[in-house]
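The report below goes from the whole chain to its annotated spans and then to a handful of individual residues. It is meant to be read alongside the sequence and the structure.

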Amino acid sequence: MSIFTPTNQIRLTNVAVVRMKKGGKRFEIACYKNKVMSWRNKVEKDIDEVLQTHVVFTNVSKGQAAKKEDIIKCFGTDNQTQICEEILSKGELQISEKERQVLLESTFKDIATIVADKCINPETKRPYPMSIIEKSMKECHISVKPNKNSKQQALEVIKKLQEVMPIARSQMKLRVSIPGGKAYRNKLKELAASIESQNMDEGNLQMVFLIDPGNFRKVDEIVTNETKGKGQLEVISLKDIQEGDEALE
């Protein structure tokens, strides 16, 4: 879609419109496609990479800019960038039905991935495969919201899944021993959420560290397969994440 805006005489292409109603009036901003959700999921932090122009519209497709008096009355400021950020965070992304379906499927997978990465089965002390999480989400008829942050939705999904299956947020505390393990140290450090101790004793690597459950299989692959069975991996304990923690890092 190409939009010509007489207000600033620039042609906007590849436009994604975000709309918000406030004070009984409609306001819109013009964004780059695929950037709106990146901003909401805190992947993209540069507002200039998201907004096509720092102009608040009443109708993007017609190039109609909002009147200054309406902006001040509804938002209490005429700072267009500040208002654009509010609309970007709280407004509704305008997309076609086909685009919405693709976005719903993508968001569903994103949430399932986050849940699988951050949670374990407290009975077996092991992570769930993502396929099990997806299946359980479908059986619980969990609907996702493409306009909402995936990590925040994952918190809500975990609470719903806890009603039908044993699942808990947790980090795993591991002890790894690898003879001649210097070559594997950096690989393991990249997978660790935090490292409690590490040392090289005559070339033998000893590490104790915390990981998100989703990284357990990668650690196991390194310790068991890449070392050809020479390494040892032990799950020491689980660090429970309290329900009050309302953020997924």
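Accessible areas here come from the Shrake-Rupley method with a 1.4 Å probe. On that basis the accessible surface of the protein chain comes to about 13900 Å², and 47% of this surface belongs to carbon and sulfur atoms. The structure is a predicted model, and the values that follow should be read with that in mind.

**The chain as a whole**

The protein chain contains 8 helices and 12 strands. Along its principal axes, the C-alpha atoms of the chain fill a box of roughly 70 × 40 × 35 Å. The radius of gyration of the protein chain is 24 Å, whereas a compact globule of 249 residues would have a value near 18 Å. Of the 249 residues in the chain, 41% are buried. Among the contacts of the chain with a separation of 6 or more, 63% are made by residues 24 or more positions apart. As for charge, the chain carries 41 positive and 35 negative side chains, and the centres of these two sets lie 3 Å apart.

The table sets out the make-up of each span, together with the separation of its end C-alpha atoms.

| Span | Helix | Strand | End C-alpha separation |
|---|---|---|---|
| Residues 14-101 | 33% helix | 27% strand | 19 Å |
| Residues 109-169 | 52% helix | 7% strand | 18 Å |
| Residues 172-238 | 31% helix | 45% strand | 5 Å |

Lys35 is placed in the loop between β4 (25-32) and α1, while Lys42 is in the loop between α1 (36-40) and β5 (57-59). Is Lys35 buried, partly exposed or exposed? Lys35 counts as partly exposed because its relative accessibility is 25%, and partly exposed covers the range between under 20% for buried and over 50% for exposed. Leaving out residues up to four places away in sequence, Lys35 touches Glu44, Glu49 and Val50. The C-alpha atom of Lys35 is separated by 27 Å from that of Lys138, which is 103 residues apart from it along the chain. Lys42, by contrast, is exposed, with a relative accessible area of 59%. Although Lys42 is not a glycine, its phi is positive, at about 65°.

**A helix that crosses an annotation boundary**

Asp117 is found in helix α4, which comprises residues 97-118. With a relative accessible area of 31%, Asp117 is partly exposed. Which residues does Asp117 contact, leaving aside its neighbours within four places in sequence? Asp117 is in contact with Asp212, Pro213 and Gly214. The C-alpha atoms of Asp117 and Leu104, which are 13 residues apart along the chain, are separated by 20 Å.

Lys182 lies in helix α7, which comprises residues 182-191. Lys182 is exposed because its relative accessible area is 59%, and the cut-off for exposed is over 50%. Even so, Lys182 touches Met200 and Gly203, not counting residues up to four places away in sequence. The C-alpha atoms of Lys182 and Ser237 are separated by 25 Å, and the two residues are 55 residues apart along the chain.

Lys228 lies in the loop between α8 (216-226) and β12 (232-240). Lys228 counts as exposed, at 76% relative accessibility. Phi of Lys228 is near 55°, a positive value in a residue other than glycine.

How values were computed: Residues are numbered from 1 along each chain as its sequence is written. This is a predicted model: local features need pLDDT of at least 70, side-chain atom pairs count only at pLDDT 80 or more; totals for chains, interfaces and linings use all residues. Side-chain values use heavy atoms; hydrogens and water are left out. Helices (H or I, at least four residues) and strands (E, at least two) are DSSP runs, numbered from the N terminus. The radius of gyration is taken over C-alpha atoms; the globule rule is 2.2 Å times the number of residues to the power 0.38. Buried means under 20% relative accessible area, exposed over 50%, partly exposed in between (1.4 Å probe, protein chains only). Contact means heavy atoms within 4.5 Å. Lys and Arg count as positive and Asp and Glu as negative; His and the chain ends are not counted. The place of a charge is taken as NZ of Lys, CZ of Arg, CG of Asp or CD of Glu.
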